[in-house]
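Me: I would like to learn how to read a ligand site. Can we work through one together?

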Amino acid sequence: MRTDQYQGHDYYMMDDLLTDEHKLVRDAARAWVKKEVSPVIEDAFEKGVFPRNLIKGLADVGAFGPYIPVEYGGAGLDQISYGLIMQELERCDSGLRSTASVQSSLVMYPIWKYGSEEQKQKYLPKLASGDMIGCFGLTEPDHGSNPAGMVSNFKDDGDHVILNGAKMWISNAPFADIAVIWAKSEEGRIHGMVVERGMEGFTTPTMHGKWSLRASDTGELVFDNVRVPKANILPGRSGLGAPLSCLDSARFGIAWGAIGSALDCYDSALRYSKERTQFDRPIAAFQLQQKKLAEMITEITKAQLLTFRLGQLREAGTATSAQISMAKRNNVDMALHIAREARQIHGAMGITNEYPIMRHMMNLESVITYEGTHDIHLLITGMDVTGENAFK
Ligand code: TGC
Ligand code: FAD
């Protein structure tokens, strides 16, 4: 196992734009990742399991609900701090960031934004401390990019509802204590509700066979006449806009996270190119390798600038969904391209687990698909600039 030598790369002095708190939060997350996660991540990835013993550490570095107010157990930080934590986690592994972004933006966020005061008090502090883990069920076997077509549904039954249907590809499902899920009422309106492990008829089978995001557990959510108390329905908002607003928050985190993967690939490639000698020269001295490295740091720097500005807009409450889509799409694609280039710089060594490159590359194949595919985000930008809907 190699030592994690990563130090960060800041070509345009972005650190000058950060506050002391931002740097403190980022450096704490980085130090924890290096000490606790880097030594075990390759093994977890190979075994295909999320290392659950990391949950407490994730909570301690503020990765669960960074921007949720302190009164609900969150860290009360701003959006840029949230982004920086996601960047540090994904610098190590996208699966680690996934666990944190699902917990923060897809479970805590909807409860905080749309939950009753009782729901907030009941769930948020435990989610923030990692004593409870949540998952988010929107995607169904036949409805991925088009969640509006979902068939999961519930019927009125006095002070309960009866929930039926199935969700697929759900991060953290196999071990989550609760699931924030989205289903249609008898009137066909989409509502969110909290389904708890142990409710009769609720099962969470694990999905196997992934070549990507292996250090994250993925599963199904199956609802077979589950009696859910009406008190578990999120009262604050219904309609597709409710889950999509949670995606805005998670996609924002992914835009930052993808920069982390790219930085790690660049960092490894730069170091390797200086160490590896061929034809009596370090390969870093060859123009073709310099082209790759120069383009990598250029693209990373552009993504850092785009994402920092997005963080300012998000903090001001003025970032649009389309702006978030642009950053998610650009940064994940940028990171995947850099991973492929970095793999080549490492030659044959690039395909081994001695280096993080192939793991990042495989992970990014999920990241470019989940939270809205590369195509869907392009269509969101296309619709925003033309006013024409090319989805349907
Ligand atoms: P459309 O008619 O455009 O919109 C329906 C309503 O929603 C509003 N809206 C939004 N609100 C907040 N944020 C957004 N980003 C929003 N986008 C749309 C919209 O204004 C409208 O409101 P109202 O009041 O008029 O009803 O909806 P559509 O059915 O045409 O779909 C649009 C489309 C395709 C962009 C949307 O369905 C979409 O984004 N699809 C992609 C699905 C997706 O991203 N799924 C992700 C599942 S979760 C996941 O992947 C977690 S991975 C976790 C991890 O491990 O990190
Ligand atoms: P489809 O929607 O079937 O798309 C297939 C292809 O068709 C794509 O290339 C797509 O871009 C293209 N396409 C679709 N519609 C159009 C169109 N209108 N125009 C042009 N092209 C189009 N979901 C959750 O709800 N919760 C989770 O926690 C979660 N975690 C995930 C974890 C992993 C590891 C993965 C891989 C997925 C996860 N997902 C989760 C699901 C994810 O959000 C979906 O996979 C994603 O939204 C795409 O849906 P799909 O896979 O059904 O692809």
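**Reading the site of ligand 2**

Reply: Start with one polar contact. In this predicted model, a nitrogen atom of ligand 2 lies 3.1 Å from a backbone N or O atom of phenylalanine 391.

Me: Which polar backbone atom is 2.7 Å from a nitrogen atom of ligand 2?

Reply: A polar contact needs N or O atoms within 3.5 Å. Here the backbone atom belongs to tryptophan 169. Serine 145 uses its side chain instead: a polar atom there is 2.6 Å from an oxygen atom of ligand 2.

Me: How many residues surround ligand 2, and which are the closest?

Reply: Count residues with a heavy atom within 4 Å. There are 17 around ligand 2. Thr139, Ser145, Trp169, Thr373 and Asp375 are the closest.

Me: What is the make-up of the shell by class?

Reply: Sort the residues by side-chain class. The shell around ligand 2 holds eight nonpolar, seven polar and two charged residues.

Me: Which domains each supply at least three residues to the shell around ligand 2?

Reply: Check the domain bounds. Domain 2 (134-232) and domain 3 (241-386) each give at least three residues to that shell.

Notes. Residues are numbered from 1 along each chain as its sequence is written. Chains are lettered from A and ligands numbered from 1 in the order in which they are written. This is a predicted model: local features need pLDDT of at least 70, side-chain atom pairs count only at pLDDT 80 or more; totals for chains, interfaces and linings use all residues. Side-chain values use heavy atoms; hydrogens and water are left out. A polar contact is a pair of N or O atoms within 3.5 Å; within protein, one must be able to donate a hydrogen and the other to accept it, and residues adjacent in sequence count only if both atoms are side-chain atoms. Ala, Val, Leu, Ile, Met, Phe, Trp, Tyr, Cys and Pro count as nonpolar, Asp, Glu, Lys and Arg as charged, and the others, Gly among them, as polar. Domain bounds come from an automatic or database domain assignment.
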